Amino acid sequence: TMLEAALDYARLGYTVVPVRQGQKRARVEWRELKLKPLTEQQLRDHYEKFPNDSIGIIPSSRDTLVIDVDMQKSEEVSQDFAQICVDYGIDLSQTVTVESPSGGIHVWLQCAEKLSHMKGNGQNILAKYIVVPPSVGVNGKPYKWGASGSIFDNPILEPADADMVAFIKAAKDEPKEREIIDLESFRDNGEPDGRETTMRNSVFR
């Protein structure tokens, strides 16, 4: 049941956000939960009243960074994400992922840094909340764990690349009109390697 799943996430250490059935909209004020998560009894009370509500979690409540990629939007998004995986060592065969009902992918990485929510061309860096399995989307299809298994199978996540985290933080602090964000301080040889353009166009626009 959704209640049992919600309790499993809470016991693992995630702050659970009840989400309206078939939607992505939280049924509660989720920002308040960052400071005061729902207790087990409160979760039981909620899902007894709304047994079909979906489940959201706040990734940062358990030092998790989630990259939400709308692969179905365009070939450009897919290619940009593939380049990001290469540049920052994201091995999807070893990384916890979720397949969204719309055909997108959520990549779960371990990250203790508190990052701001960032949204761009087909990709998000999430520090708010995200809908998780076994929730169902607006199209009636479920969120499903990827090939490497669930967070419960892999409670110790693959760590987010330190250069990527540093770049996200630097990019967030820069004016949006800046054309290229310098990665020189994160490179061994200081030579351009294409990541400025890829990340700027795909994640941080």
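Author: Helix H1 passes helix H3 in a right-handed crossing, that is, the near helix is turned clockwise from the far one by less than a right angle. This is a predicted model, in which local features need pLDDT of at least 70, side-chain atom pairs count only at pLDDT 80 or more, and totals for chains, interfaces and linings use all residues. Residues are numbered from 1 along each chain as its sequence is written, and side-chain values use heavy atoms, with hydrogens and water left out.

H1 covers residues 2-12 and H3 residues 40-49; helices are DSSP runs (H or I, at least four residues), strands likewise (E, at least two), numbered from the N terminus. Their axes come within 10 Å and cross at roughly 160 degrees, the axes being lines fitted to C-alpha atoms over the stretch in contact, with angles from 0 to 180 degrees between N-to-C directions. H1 and H3 are therefore roughly antiparallel (over 145 degrees).

From H1, Met 2, Leu 3, Ala 6, Leu 7, Ala 10 and Arg 11 meet Glu 40, Leu 43, Arg 44 and Tyr 47 of H3 (contact means heavy atoms within 4.5 Å).

Tyr 47 is among the residues with the most contacts inside the largest nonpolar core, which has 29 residues. Such a core is a set of buried Ala, Val, Leu, Ile, Met, Phe, Trp, Tyr and Cys residues joined through side-chain atoms within 4.5 Å, buried meaning under 20% relative accessible area with a 1.4 Å probe, protein chains only. H1 gives the largest share of this core, six residues.

Notes
Angles under 35 degrees count as roughly parallel, over 145 as roughly antiparallel, 65 to 115 as roughly perpendicular and the rest as oblique. Buried means under 20% relative accessible area, exposed over 50%, partly exposed in between (1.4 Å probe, protein chains only).
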